[in-house]
Structures are given as C-alpha cells and as structure tokens.
Amino acid sequence: MNHNPASPESSRIRAVIVDDEPTARRGVRLMLQGDAEVEIIGEAANGLDAAELIRREQPDLVFLDVQMPGCDGFQVLQKVGRGVVPAVVFVTAYDEHALHAFEVSAVDYLLKPYDDERFNAALARAKEAVRRRSIEADNSRLNQLIEFLQARMGVKPETAQSEPPLDRVLIKSSGDIYFLKADEIDWIEAEGDYMKFHAGGRSHLMRETMARLEARLDPKRFIRIHRSTIVNIDRLRKLSPLFAGEYSVVLQDGTKLRLSRGYHDRIASLLKEKL
C-alpha cells in the first residue's frame, strides 16, 4: 500500500490500543507512532474500560487483545454495540480465536509474537478498511442530501409519467453535487448502469435507467433516437444519410450520433410538428 504524505490533523486515523499487558500496549504504540497517518487517542488495560473508551471516543481503528480478565475482546464489541464498532485488528497469543475474530468482521488477526512486517501488513489493511468506510459514509450522506434536495424541488426518485417533467437534474460527481438545468443538457447516453449527461463540453454520470429517465424528461424538449441515446431537440442541426435508410443525427457542436431505425417515427413526428 502506498503511503501518502502526512495528512492534516483532522484527517488522521484515530486509533485505540487495548491490552491488559503494558509491554504489549507499548509495542503497538511504538509501531503506530511511526506512522504519520495514525493518531493514538487512547489506551485501555481491560475490557470494561475499553468499551467505555470506544463508545466515548468513537475511534476509527482499535487494536484489541482477545483474552483479558473480566471481559474479553469479543465481549468488548458486544458492549460497544453495532452502531459504533470501528475497524478492529485482534491481537492475541492464542490462535484458536482466529475463526471467531473473522466471524465478527475483524480486519485482521495478529498472533503474538509478530514481527514488524506482519504488523505493517495488518495496519495497511486496517487503514484501507477505514478509508473504505469513510467513502461509504460520505456517499451515504451525499445520497441523503440529494434525496432531500429532490424533495424540496418536487422531484421524486420514481416520478410517474403523469407528473410534471424534470426542470433540472441533480448529479453527484467526484463528491460534488451539480444542479443541471434541463435546457443545459446537449445529449444523454447510457453507460452501463449509469446515464452520462453531456452539457457544455462536460460530462456527468448519474445512476439511472434509460427508460425511467426518458419518462421523467419533457418529450417536447428531449427525443430518444437510439436505445442508448437521448438528445435535446434544440441541439439538433441536421440529419445526414448513411446507408440502407440509416441516418446520423448531427448536433449544433458537430457531435454525430446514430439514429436507430426503431426510432425513425419519433424524428418523423418531430419534423411534422416543426414543418
């Protein structure tokens, strides 16, 4: 795993060390102190204190001993609860707990004694898990924000054809949310499970189906010319014959798109309306 330069303080991975042996805690502490991406925010010497510490501080990562007097590592996670459990690397001298560790979705399982290489491998895996959780959480928050904004704008995810057509589209791209007005869209194409919106020389991806999007767009403004292409009628410049009755649709910016035979009637209807 490639290490990035030291991150700002707020973006460092917040870690907790739990072990009833002071020497073991010191060993983990020394290893973590050598990594600029990690900040140690607390230590605990028993399970009860560990559960309280994790609930209070809500760390990103915990190095957790399995066998401790009074409350073992698995019981610590039970006390913490599912909603707060961070990424966990179990540390123990007994390998019989390995299966149980992975049953509770541990990131890794360090068997004492371990060397620097093995520890660094576990840490790299743990940091990747923390970042993945962070991305998923950000995406979840963005999706919630989009749903909220759509509700405020009167746009529903499953808008029926009888409802007013979309006046604008909310698109999440690289962490940003774009408010794309319908009249800014030049054309749209299907790309896997996504729709790619072309607008003013830029493109944006939105997870949506072609059929559902077509139903939400204004048919007086947009026309489908292929099973995977929708164009803004105002961007049409000309139709150019290809072969065997096929045509290409040329837009104002010179973009050439194929007009599928199955959609000839739509263009024909459009021409009748315009003439």
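A: A patch of negative charge lies on the surface, where Asp167, Asp183, Glu184 and Asp234 gather. Such a patch joins like charges within 9 Å, using residues with over 30% relative accessible area and no salt bridge; Asp and Glu count as negative, Lys and Arg as positive, and each charge is placed at CG of Asp, CD of Glu, NZ of Lys or CZ of Arg. The model is a predicted one, in which local features need pLDDT of at least 70 and side-chain atom pairs pLDDT 80 or more, while totals for chains, interfaces and linings use all residues. Residues are numbered from 1 along each chain as its sequence is written, and side-chain values use heavy atoms, without hydrogens or water.

Aspartate 183, one member of the patch, is in the loop that runs between strand S7 (176–181) and strand S8 (187–191). Helices (H or I, at least four residues) and strands (E, at least two) are DSSP runs numbered from the N terminus. Aspartate 183 counts as partly exposed because its relative accessibility is 45%. Buried means under 20%, exposed over 50%, and partly exposed in between, with a 1.4 Å probe and protein chains only.

Charges also pair up. The whole structure holds 17 salt bridges, each a side-chain nitrogen of Lys or Arg within 4 Å of a carboxyl oxygen of Asp or Glu. One of them joins the side chains of glutamate 37 and lysine 127, with 2.8 Å from N to O. Helix H5 covers residues 116–152. Where does this pair sit, buried or exposed? Both glutamate 37 and lysine 127 are buried. For lysine 127 the reason is a relative accessibility of 0%. The side chain of lysine 127 also makes a polar contact of 2.7 Å with that of aspartate 35. A polar contact is a pair of N or O atoms within 3.5 Å; within protein, one must be able to donate a hydrogen and the other to accept it, and residues adjacent in sequence count only if both atoms are side-chain atoms.

Another salt bridge connects the side chains of glutamate 191 and lysine 196, at 3.1 Å from N to O. Glutamate 191 is partly exposed because its relative accessible area is 35%, whereas lysine 196, at 18%, counts as buried. Aspartate 193 pairs with arginine 207, their closest N and O atoms being 3.8 Å apart. Strand S9 covers 194–199. Both partners, aspartate 193 and arginine 207, are exposed; aspartate 193 counts as such because its relative accessibility is 51%. The C-alpha of aspartate 193 is 6.9 Å from that of threonine 209, a residue 16 positions away along the chain. Elsewhere, Arg14, Glu52, Arg56 and Glu57 are linked in a network of salt bridges.

Most residues other than glycine have a negative phi, and most peptide bonds are trans. The peptide bond from lysine 112 to proline 113 is cis, with omega near -10°, and proline 113 is in the loop between strand S5 (108–111) and H5. Glutamine 58 has a positive phi, near 45°; its place is the loop between helix H2 (47–57) and strand S3 (61–65).

Valine 107 is in the loop between helix H4 (98–103) and S5, and it counts as buried because its relative accessibility is 15%. Its C-alpha is 9.9 Å from that of proline 86, 21 residues away along the chain. Tyrosine 263 is in the loop between strand S15 (256–259) and helix H7 (264–274), and is buried at a relative accessible area of 14%. Tyrosine 263 and histidine 226 are 37 residues apart in sequence, with 6.4 Å from C-alpha to C-alpha. Asparagine 46, in the loop between S2 and H2, counts as partly exposed at 23% relative accessibility. Between the C-alpha atoms of asparagine 46 and glutamate 21, 25 residues apart along the chain, there are 9.3 Å.

Notes:
Patches are made of residues with over 30% relative accessible area and no salt bridge: like charges are joined within 9 Å, nonpolar side chains (Val, Leu, Ile, Met, Phe, Trp, Tyr) within 5 Å. Accessible areas come from the Shrake-Rupley method with a 1.4 Å probe; for residues, only the protein chains shown count as cover.
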